[in-house]
Amino acid sequence: MTAIHEATADPLLALQGSGPHELLRFATAGSVDDGKSTLVGRLLHDTKSVLADTLAAVERASLARGHDGADLALLTDGLRAEREQGITIDVAYRYFSTPTRSYVLADTPGHVEYTRNMVTGASTAELALVLVDARHGVVEQTRRHAAAAALLGVRHLALAVNKMDLVGFDQQVFTAIRVDFDSVARLLGVDDVVALPLSALRGDNVVDRSEHTPWYDGPTLLEHLEAVPVGEDPALEPFRFPVQYVIRPQTDEHHDHRGYAGRVAHGVVRVGDPVVVLPSGRSTVVAAIDGLDGPLDEAFAPQSVSIRLRDDVDVSRGDLLAAAEEAATPSPDLVGDVCVVSDRLLAAGDRVLVRHGTRTVRAKVVAVTSRLDLVSLESSAYSDALVVNDIGRLTLRLAEPLAVDAYSLLRRTGAFLLVDEQDGSTLAAGMAVVTRCSED
Amino acid sequence: MTAVRRLSQLDALEAEGVHIIREVAGEFERPVLLFSGGKDSVVMLHLAAKAFAPAAIPFPVLHVDTGHNFPEVIAHRDRAVQEYGVRLLVASVQELIDSGRLRERPDGTRNPLQTVPLLEAIDGYRFDSVFGGGRRDEEKARAKERVFSLRDEFGQWDPRRQRPELWDLYNGRHRAGEHVRVFPLSNWTEVDIWEYVAREGIALPEIYYAHERDVFLRDSMWLTAGEWGGPKQHETVERRTVRYRTVGDMSCTGAVDSTATTVADVIAEVAISTITERGATRADDRLTEAAMEDRKREGYF
């Protein structure tokens, strides 16, 4: 017991820990009544992340609603309409930390119509925590949530089999659900899957190990969150750098300074590395890297830096610097899976904006070629419009070429948005599926 | 040189904050940074300076001045503006009251009144993007706030009309008259702010550290005596050792008992505190269960 309790006792230990204090972003999803809000509330409560005044407010509100004791679900219901209707409308972000890690939790609502929220939460998550009710097991929504997480490239899936207290902490019930979910995960191609028997209401196996599951020797939920690997190894990915802004001091001291500011999306870059400017295709060499605290020999994802180039090439916001040997080829055609996140439907012939990295270009939807059934996990040939919460495959024709990577290989430079040209609203989240290797 | 290429949580938050600030500078015509001299706005200004170095910060800062200021904070505001080399604009609640366009509230609290001069300044200067120091850990309505938060031409926030925010592709497109509030510190917690202040050696107004002060107790908060409504007859003034966890309008920002005189002391204190930052120190958030949500809808920070 835990590191958490020690953390509160010794704040300096909590803050410094022993190694680097890391940040893990994860998303939660569950159907209505799976007890997700209660689980999130429990996680916050048992990691001592809920402070006395917040808890007192929850207790008052619980009493006013006629509940016994504090209804931990109220910790996460933020907006008035949500409290009134007892539902969660929107993705909410929660924060807690332990001696080893800080956590950003994207708490996504679970209604059928809110696939877009799951997609939003999963887009920045490294782990997805999917809830099921032990009495109902894997249901349609479970498959939908797992599929959305897999599609968004979340590599770690955790299944919280909640309400184990209502099935008498029966090992066979848990095992059957785990086996069921494993087959879903296999179908989706997710390798790292962990199932946990929990009772969020009573706190079993959330932070503290349960006395009711002697047959379970896996981690508690928090132990799992503490152990799951964070981040990718930038050394294994090719360098990608969308240019955000050109830094030109125009002072006597720095009159020739021209720094291309941005955040390394993927990979590692070193001074002296050959790079190519996309989409123009001009080649040059990295002359200097300015980090936030001074010059660097190398920079890696996801650092924010400023890069100076050896040659006086034309580079501005919207351009992408890439490793010369492993650059994507710019193309005026883009094929991608999209999840529609607005009420405007998407159909062939529509004119939209495509936002990729820091570049925005005009585009036309050439065809809607298929629609993914998240329940059967099968794609059906399709030529009609996609509506909100649909996931389908589109072919787009771009007014200017973009150097897009395959989302399955490079998440940040394989992702794109479709944006409404008129009102600027975000229409769809896109994941590029077709890409050309530099060799092609 | 180590082969492990991983960022600590502070480095990750710093990289994210700088990325957000550069996105705004690249995407918008007329950004402005809200600057009160409080710790979150000082950290935001520090990030902006790092984002554009060795060039100057390419936008001005705006202080929405309630007229009920802690003198130490105003002094720090002016020092920081000088040090970071930015242009300071001030939107004054007092001026609007003097000209009759804004009326003093019966309780004397001016935090809710800041919305009017803020929106007038946004209109007057035609700002299209406004950096705020809001953090999602502060309050439950803020927990659902976007990093890029679209406001209509009345400055209003409609939680149901916010855009889904995917990956780090922030969508800042807006129609004429609309503007976007941007929160680079969205994912920071109070402890992160203090750890960053310690690491970067950032100077803050003295009132964030323990000092002796004449205060009186109201709603279980220590308030500073002043012409804006305190102490009342039954409230007695006493001298205590306190510090402030937030700085806002003097009439509704409470101090906490504290002996923390250094950044390290403060970090230790915050880490074991059992009360949230706003709960401990902000009378205006206690007005109703949805006080922050209501003010945000009207165009508050």
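Two strands are taken as paired if DSSP finds at least two bridges between them, and helices (H or I, at least four residues) and strands (E, at least two) are DSSP runs, numbered from the N terminus. The model is predicted: local features need pLDDT of at least 70, side-chain atom pairs count only at pLDDT 80 or more, and totals for chains, interfaces and linings use all residues. Residues are numbered from 1 along each chain as its sequence is written, while chains are lettered from A and ligands numbered from 1 in the order in which they are written.

**View 1. Strand β10 of chain A and its two antiparallel partners.** β10(A) spans residues 274–278, and four of its five residues are buried (20 or more other C-beta atoms within 10 Å of the residue's own; exposed means 12 or fewer, partly exposed in between; C-beta atoms are placed from the backbone). Four bridges connect β10(A) with β15(A), residues 320–323, in antiparallel fashion. In this pairing Val275(A) lies opposite Ala323(A). Four bridges also link β10(A) to β11(A), residues 282–291, again antiparallel, and Val276(A) has Ser283(A) as its bridge partner there. Three residues separate β10(A) from β11(A) in a hairpin, and Gly281(A) in the turn has a positive phi of about 85 degrees. In a regular strand the side chains alternate between the two faces of the sheet.

**View 2. Strand β22 of chain A between its partners β16(A) and β21(A).** Seven of the seven residues of β22(A), residues 426–432, are buried. The antiparallel pairing with β16(A), residues 331–340, has five bridges, and Val338(A) stands opposite Gly430(A). Five bridges also join β22(A) to β21(A), residues 415–419, and these strands run antiparallel. Here Val419(A) faces Thr426(A). The hairpin of β21(A) and β22(A) has six residues between the strands, with Gly424(A) in the turn at a positive phi of about 80 degrees.

View 3. Arg412(A) counts as buried because 20 C-beta neighbours lie inside 10 Å. Beyond its neighbours within four places in sequence, Arg412(A) is in contact (C-beta atoms, placed from the backbone, within 7 Å) with Ala265(A), His266(A) and Trp167(B). Arg240(A) is 172 residues away along the chain, yet its C-alpha atom is 8.9 Å from that of Arg412(A).

**View 4. The contact between chain A and chain B.** Chain A contributes 58 residues and chain B 50 residues. On the chain A side the residues comprise 28 nonpolar (Ala, Val, Leu, Ile, Met, Phe, Trp, Tyr, Cys and Pro), twelve charged (Asp, Glu, Lys and Arg) and 18 polar (the others, Gly among them).

**View 5. The two domains of chain B.** Domain 1 takes in 9–191 + 291–298 and domain 2 takes in 206–286, with bounds from an automatic or database domain assignment. Their C-alpha centres are 24 Å apart. Chain B has nine helices and ten strands, and 54% of its 301 residues are buried. Of the contacts in chain B with a separation of 6 or more, 75% are between residues 24 or more positions apart.

**View 6. Residues 1–18 and 435–440 of chain A, with pLDDT under 50.** The average pLDDT (the predictor's confidence in each residue, from 0 to 100) of chain A is 86, and 87% of the residues score at least 70. Residues 1–18 have 28 contacts beyond four places in sequence in the model, and residues 435–440 have eleven.

How values were computed:
Contact = placed C-beta atoms within 7 Å.
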